[in-house]
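Open your viewer and load the model. Have the selection tool ready, and follow each stop in turn.

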Amino acid sequence: MAERAVADTGLEMVRPARPATGGTWASVARFCRKKPLGAAGGALMLVIVVAALFVEPLSTHDPIATDASNTLARPGRDHWLGSDHLGRDIYSRIVHGSRVSLIVGVLSTLLGSVLGGLIGLLSAYFGGKTDLITQRFLDILQGLPLLVLALVMSAALGPAVHNVIIAISVPIIPRAARVIRSSVLSIREMQYIESARALGIRHLRIAFRHVLPNTMGPFIVLATAQLGSAILVEATLSFLGLGVPEPYPSWGRMLSVSAAEYAQKAPWLVLFPGVAISLAVFGSNLLGDALRDTLDPRLRGA
Amino acid sequence: MSVVIFVLMRLAPGDIVDVLFAAAGYVNESDKQFLMKELGIDKPIWAQYVDWLRGLAAGDLGKSYRYDQSAWEVIGPLVPVTVELAALATIFSILFGVPAGILSAVRQDTTLDYVLRVVSLAGLSLPSFWLGMVIILGLVAWAGWIPAVTYVSPREDLAGHLVQFLLPAAAVGYRSSALLMRITRSAMLEVLREDYVRTAWAKGQNGRAVIWRHALKNAILPVVTVIGIEFAFLIGGLVVTETVFNLPGVARFLVEAILWRDYPIVQNLVLFIAVVVVLSNLLVDLLYGWLDPRVRYSS
Amino acid sequence: MRLRLPAALLAIVGVALLAGPVLGQAQKGADTGKAPASTKGARAPHPNGKKGGILLAMHREDLAQGFSIHETATIATVWPSMPCFNNLVMFDPFKPVESLDTVIPDLAERWSWQDNYRNLVLFLRKNVKWHDGQPFTSKDVKYTFDMVRQAADAQTRLRINPRKDWYANVETIEAADPHTVIFHLKRPQPSLLMMLASGYSPVYPAHVPVAEFRSKCVGTGPFKLKEWRKGEYIEFTRNPDYWAPGRPYLDGIRYVIVKERGTRFAALQAGRLDISFPGEATKPIADQLKASGAKLNFTPVGTNVNDNLIMNIKKPPFDNVKVRRAISLAVDRRAYAKAVHQGGAVAGASMQPKPYGFWGLLEKDLARLPGYGKPEENKAEARKLLAEAGYGPQKRLQVEMGTRAIAIYVDFASFVINELKQVGIEATLKQVETAQWHPLVTRREYQMGANLTGLGIDDPDGNFYENFACGSPRNYTDYCDEQVMKMIDAQSQELDLKKRQPLVAQIQRKLEQDAARPIMGWRLDHFPMAPHVKNLVPHHNIYNYGRMQEVWLDK
């Protein structure tokens, strides 16, 4: 019971749009007490989610407005985190950047996990030749480092938000498929599935009605764990000029060429976006770790 | 996989001829057709693919469009740089990650454990391109010094060579060691809970002996797996580190080749990375057999 | 090879030369025929050169087409290829401002204009050899420039040929004897010498296929290619058979490719490199390097590179000159130089402003052009023009601005978009990779673009025919005006500089009024180099001072 409840809070944190109910507050408190690091990660993620949701009221300036009279301003009252070489407010750009990072991170993780999950589910459920062929296909996908694949993908698809999401999600597919497949394999042998099959219920119905809900735990754990690396890959792609294009401010791109150019004169150009990326990834890693420990001890270290 | 990369690259908008014309600031359509024919990229994709495979079977990797030189001659010198960097980073990560993981597991839930875990998670969270940038810019700002920007051959200047490689290796190795530390810790924790370890403790055996003789020996398998995966990852994942530290390696060149639409180079580099992945997986499997007698008997 | 002097003799000649004024050969080429002005070389700033040493030069990116200068239009090729070649004539390496007066002999030891600037006779140096030992003759000259101008009877063809239009006025090239070449022109064109002096105009050997230059380099220049490590460095070694006695001073040059800009200047600051790359050291970089206390000398120079807005004039809304003018009015040029370049750029119309260039408009003329006067008045007028064209708060003008996904372009575009917003124009940014940008522009599949134009020479002919003439491949906007064409031809044949200057000024004003390709500003460079590098004098033009023949190291 306790585990289910925590699973729900995990969902709340990944998808904050859903209102929290009274019952879960108690388990949130318990989670905080048992996993202080995880709670810290959750809090970090919450800050980023809030920033991404309330971009307008939270920013002090228009993130793309240039200001020739106020370039490379030091952090201070006007510009909390300073301004860049075009006079744009760093703080507001970081706030706006949180939206890009989160949207790309969450959507690509979801897309990759769902697609991978489906592949894993079907592959494991049907077994035999289907399984074998799918596994070879996944081997191929997994044979390439995540960054290389994302690089080729985003070069092929061109720089646009949806393309970056697709590019980042593809490398997640095999990982998700593996995890889901292995948990389905164990569930498949369980008695109630056997009996459902004996009752003549159709394959797909069994797969989705009975097997799928039981894989939710590992699924959530996996998605949270991948979120951090998805955010990191987005930042790296943007840094290399292959990520989300202007005018959306993106943390990775804030660090590319111009930042290095002005780094000694205006270190805040390099410092703050880097810190933002690190904190976001750090937060989701902490949270992911704690969720994994709580939800699925078997996956520890996977 | 080669098909996937092959097709993907050719679906990308623009081609090498466009890039060449870009350097001249204009495009002439009829000259462009002529050039495409010269490079053989006017043929249908499948025909180009068959050509490449045929060449590959004969040991010919094809010619770089950009350099008008055999792909092997272009790629060859890059390989040792990346392999060395990846190897150094892996060694670094083993030296730091494994002991830290053991320590953290043995002292589970102490302050030390928490500090080590936070430090390691931070390692996984810092963007490597940012870390490299901060190192270079910090070094030059405070010390007025940076490592050499051209490749220093170890035969000419071993010390200079090591200095040049150790910094980037440490920057990347931090991330890998974080990963290793986590895996070592959880594997150790699991083993430490096993009956035979408890028995050994109960029998009053020396703590260090228990950890080394019993626990680590059994926890080593997942650690070896991750080392293998990580090494393979590093071969292709050093893009930004190689760029920031200006090391002439495979990954940096791959990005360059992608932007240039130099398909033969991209294909062969991707193929190379895939081969490394397969080889390191194979090596891990062999190590498994050597480390764990059960695997040897069952297979 | 047979004529190679023993090293000792060479050294004696070298030492003997050091004693006297340098560039003896330059003085020989003076005032022949009707040469417009003195062609004497300037004195070297550091005449007593020491021999030896390897110059470590910064390089931005790897070569695009090997050393084939004629097949590219980028400084990334010209800069590290120039030491391998010679031109017929060149710009005096010691004079930063380039003009007809600073053109000095290179492979042509003297020249003479005949028939009222209709024929240019060049007398070639004897005993010059290609790096492979073959003798250099007039055949090589004819071969090279027939190839570039795509003459009907040219021996070979360049696969990419960006500067064909420079030689549109050449009727024939005659190799009168092995050491005399005559350029016969259709009409008088004094500027031809300027084009021949550019770093873009090396002489190629007729006996080496053009394709070989993509991986090798056979020139007559002071340095021979030693090794090109792809993506790593390009290394040259001194040419022991070089025709100029005692030159070059350096034993070699290594151009180190450093892709990451932060690392590039960190390397210069840390002493890992001796010299910068032309056009790379922007004002903020120079300021930082100065503040760091690194031992570097700085030379503020123009680059002859401008930032400009291109608009697709053939299609609405930019077929309407009012809309174009409104756009030009909306962008405050002084704020542009300040924000996008941190003050490291100067305002000017289509020719590089003074004192960096010769032809730029005077300050008082500029003030009357769109975008240069008071920002508020300009923006008000822009809104008025937009209203006249039928755009306003009810019907906002929406445009898409394309640019290459490179930081310098994106900064430029971001600034312009923000300025346009203030007059009610909604501009969105479309970033494309280099591989896609030129195809889009060439197919005219763009509305507006943020563009950079580098001019090989500070000369009206070199600029106007390339960028504003009807039908030129690099006239991206398709601006085509019969009256302007006539004016361009008129100034080109004008022999009297006093009369030519006002004509050129008039063209510049007309181009800005028509918003043919509004110029945002001219980039400046600060070219840092280590104090021990002597005799490298940066020019107000990035393309023309890379020969390295006179450079030496005081170590």
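Start where chain A meets chain B: select the 33 residues of chain A and 38 residues of chain B that make up the contact. Two residues are in contact if their C-beta atoms, placed from the backbone, lie within 7 Å. This is a predicted model: local features need pLDDT of at least 70, side-chain atom pairs count only at pLDDT 80 or more, and totals for chains, interfaces and linings use all residues. Residues are numbered from 1 along each chain as its sequence is written, while chains are lettered from A and ligands numbered from 1 in the order in which they are written.

Stay on the chain A side. Pick α7 (146-157), α12 (216-239) and α15 (268-295), which each supply at least two residues. Helices (H or I, at least four residues) and strands (E, at least two) are DSSP runs, numbered from the N terminus. Which helix has the largest share of this side? α15(A) does, with eight residues.

Next, move to chains B and C. Here the contact takes 39 residues from chain B and 38 residues from chain C. On the chain B side, select α2 (16-22), which gives the most, five residues.

Now show chain C alone. Find the open sheet of four strands, in the order β1-β10-β9-β8, with mixed pairing. Two strands pair if DSSP finds at least two bridges between them. Select β1 (54-59) and β8 (223-229): each has a single partner strand, so one side of each has no neighbour in the sheet.

Finish on β1(C) and β10(C) (residues 252-257), which pair in the parallel sense over six bridges. Click Leu55(C); its bridge partner in β10(C) is Ile253(C).
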